[in-house]
Number of protein chains: 2
Amino acid sequence: MRDEKIGHPGAELAAFAAGLRFEDIPADVVARAVDLFVDWTGSALAGKGVRPVEIMAGFARSMGPGGGACEILIDRSTSSPLFAALVNGASSHVAEQDDVHNGSVFHPAAVVFPAALALAQAHRASGREFITAAVAGYEVGIRVGEFLGRSHYKIFHTTGTAGTIAAAAAAGRLLGLSAEAMLDAFGSAGTQAAGLWEFLRDGADSKPLHTGKAAANGLTAACLAKDGFTGAKQILEGLQGMAAGMSSDADPARLTDRLGARWALAETSFKFHASCRHTHPAADALLKARQENGLAMADIASVTARVHQGAIDVLGPVVAPSSVHQAKFSMGTTLGLIAAFGRAGMNEFDQAYARQDIAAFRDCVRMELDEEVDKAYPARWIGKVAVETVDGRHVEARVDEPKGDPGNTLSREEIEAKVRGLAAFSGAAAPAELDKLLPRLWAIGESEAIGTLMPAGEEARAGMAAE
Amino acid sequence: MRDEKIGHPGAELAAFAAGLRFEDIPADVVARAVDLFVDWTGSALAGKGVRPVEIMAGFARSMGPGGGACEILIDRSTSSPLFAALVNGASSHVAEQDDVHNGSVFHPAAVVFPAALALAQAHRASGREFITAAVAGYEVGIRVGEFLGRSHYKIFHTTGTAGTIAAAAAAGRLLGLSAEAMLDAFGSAGTQAAGLWEFLRDGADSKPLHTGKAAANGLTAACLAKDGFTGAKQILEGLQGMAAGMSSDADPARLTDRLGARWALAETSFKFHASCRHTHPAADALLKARQENGLAMADIASVTARVHQGAIDVLGPVVAPSSVHQAKFSMGTTLGLIAAFGRAGMNEFDQAYARQDIAAFRDCVRMELDEEVDKAYPARWIGKVAVETVDGRHVEARVDEPKGDPGNTLSREEIEAKVRGLAAFSGAAAPAELDKLLPRLWAIGESEAIGTLMPAGEEARAGMAAE
């Protein structure tokens, strides 16, 4: 019964994830994986002190063991793999600074690294094993996101759903699952996969819950599979599987698209602005319009952001944001910050999202579906804005590749600066600690056995007090 | 912003769950809740020794704390509420003997009692608080199941999805959530809700995972809400909510159907046969045909079970079951056991599902969509069979209410016998232990502070050795 199904795309994808070896991964892909990992640690640290993340950390303390081999990065406590994955998964997505893969509209880092790091620490895996597991998670999750398609993303948060499979792939690779057990892990992961966009309408706290649970549930699926717990063999493409229930345009061919030849991880974009990725193309275009035409905020009467449908679906419900997090899903607020400051970073959102001039600017921004932009999406995220100035000029600008995309990527210096900025913003690590930490993070691939990354709690507190 | 949404059905349902008082619940509903609780303990004990359940219990041991106030019934160990809910939720659904609500096609006990019991034990809640919480869980979960409708059930295991909200309602009521926090809990529960039927095709282990995770995720949602974690206000009926993503025939009016006047808990059926509920109407009808016509197994040439579409959707994929659990989703196997033994209980499935005569009989059974049966479903589960005998007779039989339905219910003696049978089957408790345990279970409503139910581990082992 099993044999006759070996040929289906989900099984091929599982076999690829189970069989991936470090030696198979091109050096530039390994280097990019390390870039993405270091970038991720900044996002994970950025969650410190953020209410929903701290509530989840409290839940982990009350339900989990009092310690363990696995690190919760925001407070340097330790727990079992399940809770480390849960809290690190939540914390790394809340600042909206974690990476994104354009074609799948999926945030891989926030679900893959929490699961891989927790199990690597629990099993003292090598850096090579860790990187291999992370690559497996990216390659699988991105293809599952592409497979589920645009119809899925209209209602479901792909990072929550495809993310559960991605985390299972990374966790399963770290546990050394066979191809068959990996497929079982996919089955148990897919039948737990969840995450709905409805929370955006209220600015509710669900987004970090989605990533935390995707990481934890994927890890759970892999651990269960390791012990012989079976899952549906065709959870992705079966008649009562994920696509059947949650997509109307699923394309099974995407699941196995050039496995081992195309490295989807290397297509992943770093986030530059601290907002929802759907705002970035227009933000970059407005930045360009502003620079090219020497426009100050007061010069601008209105902005039309020409966008793809997905931007309207996700950002449309946010009319008058009532929190920093919700403001990151407001096109008007994001463009207002760009107009006012020339940037939309953590500090700008935190300090100015509710300012009267930003709110007034927000109400002069509208989104309009653009045929070219929509057609190119999600493979390419083109930014176009049309600006009317108060003195009656009409200005347009476009960017073909937003900052952070592979063709317009961040250098290692820019990544370091981003991590330092995020850690400083949240207070999760002192500059002197980062001086020591960052070289260790860049060298993660050479680690013989991955232990805790951050200085221990006591030491850290002393260190920070001394700053 | 919140005020204007108070009137929507999901908010009304949350307010009902948060505001429910023991005094509001009619005495016969309280008595039925106790019946359902005692019935549930039998199912929870029945999971002992079942591979997927034991794997999940091992996962709980490796990820959770070494002890706690909350009991894992199969092995009498203790843990935090999260893991007790997870393992008890899994164990109580695996024998296919837990209760079912016809109209919602939802198994309330397996998700409601694990969450309610774990938090009651953690907070030393009274029996009245426990019963009130359980009733809240049943009333909410059943209405959510009805709301999601038949289209949902075609792909999704309603007990996993609606069950997450049911568990959140029970847990939230035990934690004393306000109406607003209860709605937050619904939001966090709904955005975690999952469970796909795809596993049936392979006879994979996902079913107990669905109930365990529904109980644990609903409990998580309530605990987070207690600490101020917000959720989508319209996770059920919103434009990007559960119904939008996972149903095409959702009816929001069902969410608030006669709240406080109609007690859906009292409509819940006990399961008599140890198989999927979709087999029961036909099983009872064949039993009747067998008795009325004095038919032995060897007399029967073929059976046509006239069924509703849901039975075909769920049982159809099971052609040649390869495990006891999968056999419980085989109409042919179930009718074969009825034909051979006049019953389809735990022992019959365990010992005979793969027997050659049962397999041969199985292949002579077919399901046929019946207009009357399908129209009455899911409010009523009518059973109809047509039997062709080897000597050329044509025999028909029908039952209008399968054994265990409210109009054909189990007495307390029958429930006790069922619990004893399940505990004996799995070896989870010795008869002498049940002599002491059962009176305590029947009196749960009068408990001042709910502690552990089972004798402690050591004591129990000694007790069982002495039998």
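Hi everyone, let's start in chain B, where strand β5 (residues 383–389) and β6(B) pair in the antiparallel sense over six bridges. By pairing I mean that DSSP finds at least two bridges between two strands; strands are DSSP runs of E with at least two residues, helices are runs of H or I with at least four residues, and both are numbered from the N terminus. A word on the source: this is a predicted model, local features need pLDDT of at least 70, side-chain atom pairs count only at pLDDT 80 or more, and totals for chains, interfaces and linings use all residues. Residues are numbered from 1 along each chain as its sequence is written, chains are lettered from A and ligands numbered from 1 in the order in which they are written, and side-chain values use heavy atoms, with hydrogens and water left out.

Four residues lie between the strands, and Gly392(B) takes a positive phi near 85°.

Now chain A, please. Here we have an open sheet of four strands in the order β4-β3-β5-β6, with mixed pairing. Its edge strands, β4 (365–369) and β6 (394–399) of chain A, each pair on one side only. Within the sheet, β3 (residues 300–307) of chain A runs parallel to β4(A), paired over five bridges, and Thr304(A) stands opposite Arg366(A) of β4(A).

What packs on this sheet? Helix α14 (residues 331–341) of chain A does, touching β3 and β4 of chain A, where contact means heavy atoms within 4.5 Å.

Conventions: Axes fitted to C-alpha atoms, helices over the stretch in contact; angles between N-to-C directions.
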